[in-house]
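This report is meant for a reader who is meeting the structure for the first time. Please look through the sequence and the model before reading on.

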Amino acid sequence: VTDETTAEETTAAEDGTDNELNTTLNDADGNEMATVDVAEQDGALEFTVSASGMEPGFYGFHIHGIGE
């Protein structure tokens with residue numbers, strides 16, 4: 001898949017902690033492709049991606065320090 005993806009609906013974890021958040025990854029047409037949970041674990045960030053409905057293959061994503 002070569003479509004651009006965007007992260008929307010970034011929210012803090014429902015348990016009220018500041019060290020977790022979740023977001024949705026959408027393709028260029030706005031269709032949801034995956035969800036990403038981010039948690040601070042032992043001084044590092046742990047990313048858990050849950051995706052479905054995608055064709056078999058290797059996928060990746062990258063992180064921007066400032067979301068512009």
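What pattern does the chain follow, read along the sequence? The chain follows the pattern β-β-β-β.

## Basis of the description

This is a predicted model, in which local features need pLDDT of at least 70 and side-chain atom pairs count only at pLDDT 80 or more, whereas totals for chains, interfaces and linings use all residues. Residues are numbered from 1 along each chain as its sequence is written, and side-chain values use heavy atoms, with hydrogens and water left out.

## The chain as a whole

The chain contains four strands and zero helices; both kinds of element are DSSP runs numbered from the N terminus, with helices being H or I over at least four residues and strands being E over at least two. Of the 68 residues in the chain, 16% are buried, where buried means under 20% relative accessible area, exposed means over 50%, and partly exposed lies in between, with a 1.4 Å probe and protein chains only.

The accessible surface of the chain comes to about 5700 Å², and carbon and sulfur atoms hold 46% of this surface; such areas come from the Shrake-Rupley method with a 1.4 Å probe, and for residues only the protein chains shown count as cover. Among the contacts in the chain with a separation of 6 or more, 8% are between residues 24 or more positions apart, a contact being a case of heavy atoms within 4.5 Å.

## Strands S2 and S3 and the loop between them

Strand S2 covers residues 20-26, and S2 and S3 pair in the antiparallel sense over seven bridges; two strands are said to pair if DSSP finds at least two bridges between them. Within this pairing, Thr23 stands opposite Val36 in S3. The two strands form a hairpin with five residues between them, and in this hairpin Gly30 takes a positive phi near 90°.

Asp27 is found in the loop between S2 and S3, and Asp27 counts as buried because its relative accessibility is 12%. A polar atom of the Asp27 side chain lies 2.9 Å from the backbone nitrogen of Asn31.

Strand S3 (residues 32-41) pairs with strand S4 (residues 44-51) in the antiparallel sense, over eight bridges. One of the bridge pairs joins Gln41 to Ala44 in S4, and in another position Asp37 stands opposite Thr48. The hairpin of S3 and S4 has two residues between the strands. Asp42 lies in the loop between S3 and S4, and its phi, near 55°, is a positive value in a residue other than glycine. Asp42 is exposed because its relative accessible area is 78%.

## Residues along strand S4

Thr48 is found in strand S4 and counts as partly exposed because its relative accessibility is 39%. The C-alpha atoms of Thr48 and Asp37 are separated by 5.2 Å, although these residues are 11 apart along the chain. When neighbours within four places in sequence are left aside, Thr48 is in contact with Thr35, Val36 and Asp37.

Ala51 is also found in strand S4, and Ala51 counts as partly exposed because its relative accessibility is 47%. Not counting residues up to four places away in sequence, Ala51 touches Met33 and Ala34, while the C-alpha atoms of Ala51 and Glu32, which are 19 residues apart along the chain, are separated by 9.1 Å.

## A nonpolar surface patch

Which residues make the nonpolar surface patch? The patch, of about 470 Å², is made by Leu45, Phe47, Val49, Phe61 and Ile63. Phe47 lies in strand S4, and Phe47 counts as partly exposed because its relative accessibility is 35%. In a regular strand the side chains alternate between the two faces of the sheet.

Patches are made of residues with over 30% relative accessible area and no salt bridge, with like charges joined within 9 Å and nonpolar side chains (Val, Leu, Ile, Met, Phe, Trp, Tyr) joined within 5 Å. A salt bridge, in turn, is a side-chain nitrogen of Lys or Arg within 4 Å of a carboxyl oxygen of Asp or Glu.

Definitions and conventions. Polar contact = N/O pair within 3.5 Å; in protein donor to acceptor, adjacent residues only side chain to side chain.
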